[in-house]
Amino acid sequence: MREVLNTLFAGWQGGATAGLATVVRTFQSAPRPAGASMLVNADGTVAGSVSGGCVEGAVYELATQVAADGVPVLVRYGISDDDAFAVGLTCGGILDVFIEPVSRGTFALLEGVHDDVDAGRPVGVATVIEHPDASWIGRHLVVRPHGFEGDLGSDRANHAIGDDTQGLLAAGRNTTLTYGPDGERRGAGMRVFFASYAPRPRLLVFGAIDFATALARLGTFLGYRVTVCDARGVFATAARFPGVDEIVVSWPDRYLREQIAGGLIDPRTVICVLTHDPKFDVPLLAAALHGPPVAYIGAMGSRRTHLDRLERLRAVGVTDTQLARLRSPIGLDLGSRTPEETAVSIAAEIISLQWSGSNAPLHTRVDSIHHDDLVDPNPPLAPSLPSSSSSSSSNQAVDSASNQRTGLRS
């Protein structure tokens with residue numbers, strides 16, 4: 001919902017009802033991750049995407065219908081590689097999409113969610129997407145680090161889900177959870193999708209050099225909140241780093257220690273040290289390696305510089321276990337030459353570590369190219385696809401062959 005939130009909120013303020021479609025679960029090579037959303041406004045305009053184009057037409061029609069009649073729908077698109085082209089999901093993946101009407105009446109707490117996201121405060125939304133009692137479906141619980149508000153249908157369910165999603169909120173994860181009808185943790189019958197709107201992860205770039213300029217631009221493009229820090233104010237300027245979130249003129253290790261002490265470094269934080277100057281690097285990397293767990297710590301420099309840096313770090317008390325967290329020389333071997341190419345190689349290593357990539361060319365793989373594929377424990381019944389000679393439209397094929405409606409509509 002994040003990518004369509006401002007548009008959604010504008011209509012909500014005006015008293016309109018929109019149809020909001022959200023990917024709540026994916027299987028196989030699905031084109032968009034859980035949490036991707038598509039909004040159909042009251043005037044028929046569209047924002048966002050749930051499949052990159054594969055089933056957008058079918059989703060548009062259904063979201064328009066849901067906004068009109070107020071009845072939410074949980075629907076499945078895509079069945080198999082053989083049938084995928086016929087039903088429109090040409091990648092062969094499977095998407096579970098929840099489509100709900102959003103208005104002041106259906107989501108009274110949206111304003112608080114919008115304000116939190118706008119201010120960079122962590123907030124999450126738990127939505128009932130499946131339940132034996134249709135009156136529960138589409139209800140929301142707004143979760144914050146120190147509590148929750150809203151009503152899913154019972155106090156037991158509110159407290160169970162409010163407690164269980166705290167860790168997901170801290171990690172910035174979107175996922176579907178299963179409970180008993182009254183929130184029993186060992187039960188089944190209710191499914192809840194939790195969408196986390198944690199602040200953007202941080203990218204700390206130390207060293208205001210030309211490589212840092214390219215990396216900062218790429219970090220912004222990838223969705224990071226980018227900070228550039230250098231002790232030399234003549235280099236750390238807005239003119240050299242347009243568009244970054246923060247420019248700090250300070251000794252790098254001092255700044256990092258202040259951020260750690262303030263609790264502003266979390267497991268999603270990326271730290272890139274590009275100064276390759278021992279008087280900056282050693283105290284900075286010592287602070288980073290002694291600090292809390294982060295997603296990535298990388299340092300620029302030649303292999304000779306790296307070996308010298310390791311000895312200097314050991315001399316100031318950094319252990320070999322801590323040194324194992326350091327990625328140096330920084331980046332993947334792409335044969336990079338320019339600052340922009342080097343930035344791509346650094347970003348590639350960060351992404352690979354985040355998603356446990358093999359770094360092998362995709363054309364050499366014989367298995368799935370997605371590393372987070374799921375096996376559905378409750379797959380839909382085998383569909384009866386229309387024949388190739390059928391005169392049905394592609395949207396009708398999607399609706400009849402690959403949508404699994406879970407008791408929300410007949």
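**Reading the labels in a predicted model**

Colleague: Leaving aside its neighbours within four places in sequence, which residues is aspartate 245 in contact with?

Modeller: Aspartate 245 is in contact with Arg200, Tyr224, Arg225 and Val226, where contact means heavy atoms within 4.5 Å. This is a predicted model, in which local features need pLDDT of at least 70 and side-chain atom pairs count only at pLDDT 80 or more, while totals for chains, interfaces and linings use all residues. Residues are numbered from 1 along each chain as its sequence is written, and side-chain values use heavy atoms, with hydrogens and water left out.

Colleague: Where does aspartate 245 sit between strands, and why is its accessibility called partly exposed?

Modeller: Aspartate 245 is found in the loop between strand S12 (225-230) and strand S13 (246-249), strands being DSSP E runs of at least two residues and helices H or I runs of at least four, numbered from the N terminus. Its relative accessible area is 36%, and since buried means under 20% and exposed over 50%, with partly exposed in between (1.4 Å probe, protein chains only), aspartate 245 is therefore partly exposed. Although aspartate 245 and threonine 227 are 18 residues apart along the chain, their C-alpha atoms are separated by 6.0 Å.

Colleague: How do you know whether serine 37 is buried or exposed?

Modeller: The relative accessible area of serine 37 is 0%, so this residue is buried. Serine 37 lies in strand S2 (residues 37-40), and beyond its neighbours within four places in sequence its contacts include Met1, Glu3, Val4, Leu20, Ala21 and Thr22, as well as Ala47, Gly48, Ser49 and Val50. Across the protein chain, buried residues make up 46% of the 410 residues.

Colleague: What makes the backbone at histidine 276 and asparagine 359 worth a remark?

Modeller: Most residues other than glycine have a negative phi, and most peptide bonds are trans. Histidine 276, which is not a glycine, has a positive phi of about 35°, and asparagine 359 likewise has a positive phi, near 70°. Histidine 276 is found in the loop between S14 and H9, whereas asparagine 359 is found in the loop between H12 and H13. With a relative accessible area of 42%, histidine 276 is partly exposed, and asparagine 359, at 49%, is therefore partly exposed as well.

Colleague: What is the peptide bond from serine 328 to proline 329, cis or trans?

Modeller: The bond is cis, with omega near -5°, and proline 329 lies in the loop between strand S16 (326-327) and helix H12 (339-355).

Colleague: Why are helices H8 and H9 called roughly parallel?

Modeller: The axes of H8 (residues 252-261) and H9 (residues 278-290) come within 8 Å and cross at roughly 15°; axes are lines fitted to C-alpha atoms over the stretch in contact, with angles from 0 to 180 degrees between N-to-C directions. Angles under 35 degrees count as roughly parallel, over 145 as roughly antiparallel, 65 to 115 as roughly perpendicular and the rest as oblique, so H8 and H9 are roughly parallel to each other. Pro252, Asp253, Leu256, Arg257 and Ile260 in H8 meet Phe280, Pro283, Leu284, Ala287 and Ala288 in H9. By class, this contact has 8 nonpolar residues, no polar ones and 2 charged ones, where Ala, Val, Leu, Ile, Met, Phe, Trp, Tyr, Cys and Pro are nonpolar, Asp, Glu, Lys and Arg are charged, and the others, Gly among them, are polar.

Colleague: What makes the packing of H9 with H10 oblique?

Modeller: H9 and H10 (residues 303-315) pack at about 60°, with their axes 10 Å apart, and are therefore oblique to each other. Pro278, Asp281, Val282, Leu285, Ala286 and Leu289 in H9 meet Arg309, Arg312 and Leu313 in H10, a contact with 6 nonpolar, no polar and 3 charged residues.

Colleague: How do you know in which elements confidence is lowest and highest?

Modeller: The pLDDT, which is the predictor's confidence in each residue from 0 to 100, averages 85 in the protein chain, and 84% of the residues score at least 70. Confidence is lowest in helix H13 (residues 394-401), at a mean of 33, and highest in strand S14 (residues 270-273), at 98. Over residues 371-410 the pLDDT is below 50, although this stretch has 74 contacts in the model beyond near neighbours in sequence. Where pLDDT is low, the predicted coordinates should not be read in detail.
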